[in-house]
Amino acid sequence: MATIKRIGFGQVEPNHLSAQGNRQIYAQLPLDEGINILENGQFMVYDYAQKKVVKPTADGMEPMLVYNEVKCYDERDSYKDFAMKKEDYVAGEIYPRLFKTNVGDIFTTNCFIANTDKNKEVTSEDLTEGETVLKVNTDGYLTTDGTYEGMEWKVVKIYTMPDGQQGVKIQRIK
């Protein structure tokens with residue numbers, strides 16, 4: 001078992017994401033105005049009927065992986081310092097990039113719990129390599145007690161992120 005600690009915002013390292021090849025990437029709708037910070041590694045729903053990106057619901061449409069281009073304008077910043085924050089965008093409108101995932105997709109992440117400050121440390125629940133199965137919760141984070149039943153991710157390796165922080169390699173199994 002491992003508890004993943006991270007300082008800063010969630011990160012994603014795409015090991016094998018089918019959306020990179022099949023172009024199931026969505027980025028034309030604005031984020032729901034009630035969401036102020038969006039981290040890479042969260043999951044959101046691309047709700048074309050409402051014309052916005054919203055948080056997942058237990059019985060709603062399939063959530064998609066938030067994987068935005070990291071833009072750090074200060075050379076001292078790294079991936080851990082990047083999140084999409086409403087205050088940084090014109091009129092507060094964020095247009096996130098969402099990747100549709102499929103069974104077999106693999107990526108490495110450390111985004112299991114919300115963070116609101118790039119200098120704050122947060123800790124995940126206990127994760128066991130080869131055993132822990134994660135689901136998406138209503139805030140868009142992967143957790144063992146997630147409410148969205150249509151998607152499951154298995155922890156395949158306790159790993160590190162490119163910046164040396166702890167991370168977990170996960171594979172979609174459902």
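Let me start with a term: on a 1 Å grid over the protein atoms alone, a pocket is an open set of points where a 1.4 Å probe fits, with protein on both sides within 12 Å along at least five of seven lines, and its lining residues have an atom within 4 Å of a point. Volumes here are the space filled by probe spheres set on the points, which are joined across faces, edges and corners.

Hello everyone, two housekeeping remarks. This is a predicted model, so local features need pLDDT of at least 70 and side-chain atom pairs count only at pLDDT 80 or more, while totals for chains, interfaces and linings use all residues. Residues are numbered from 1 along each chain as its sequence is written, and side-chain values use heavy atoms, with hydrogens and water left out.

Now, the second largest pocket. It holds about 160 Å³ of space. Its lining includes Ile 35, Asn 36, Met 44, Lys 55, Asp 139 and Tyr 141. By class, that lining has five nonpolar, four polar and three charged residues, where Ala, Val, Leu, Ile, Met, Phe, Trp, Tyr, Cys and Pro count as nonpolar, Asp, Glu, Lys and Arg as charged, and the others, Gly among them, as polar.

Next, the strands. These are DSSP runs of E, at least two residues long, numbered from the N terminus, and two of them pair if DSSP finds at least two bridges between them. Five strands form an open antiparallel sheet in the order E3-E9-E7-E5-E6. Its edges are E3 (25–26) and E6 (52–54), each pairing on one side only. Inside that sheet, E7 (residues 64–66) and E9 (residues 98–99) are joined by two bridges, with Val 66 partnered by Leu 98.

Elsewhere, E12 (residues 133–136) has two antiparallel partners to look at. Two bridges join E12 to E14 (residues 153–160), where Val 133 stands opposite Lys 154. E12 and E13 make a hairpin with five residues between them, and Gly 140 in the turn has a positive phi of about 90 degrees.

What about E1? E1 pairs with E11 (residues 121–127) in the antiparallel sense over five bridges. Its covered face carries Ala 2, Ile 4 and Arg 6, and its uncovered face Thr 3, Lys 5 and Ile 7.

On to the cores. A nonpolar core is a set of buried Ala, Val, Leu, Ile, Met, Phe, Trp, Tyr and Cys residues joined through side-chain atoms within 4.5 Å; buried means under 20% relative accessible area, exposed over 50%, and partly exposed in between, with a 1.4 Å probe and protein chains only. The largest core has 21 residues, and Leu 134, Leu 142 and Trp 153 are among those touching the most other members. Strands E1, E12, E14 and E15 (166–172) each supply at least two of its residues. Apart from it lies another core, of 13 residues, including Ile 35, Met 64, Val 66 and Leu 98.

Finally, two loop residues: which is buried, and which partly exposed? Thr 101, between E9 and E10 (106–109), counts as buried because its relative accessibility is 0%. Beyond four places in sequence, its contacts (heavy atoms within 4.5 Å) include Leu 65, Met 151 and Trp 153. Lys 86, between E8 (84–85) and E9, is partly exposed at 23%.

Definitions and conventions:
Helices (H or I, at least four residues) and strands (E, at least two) are DSSP runs, numbered from the N terminus.
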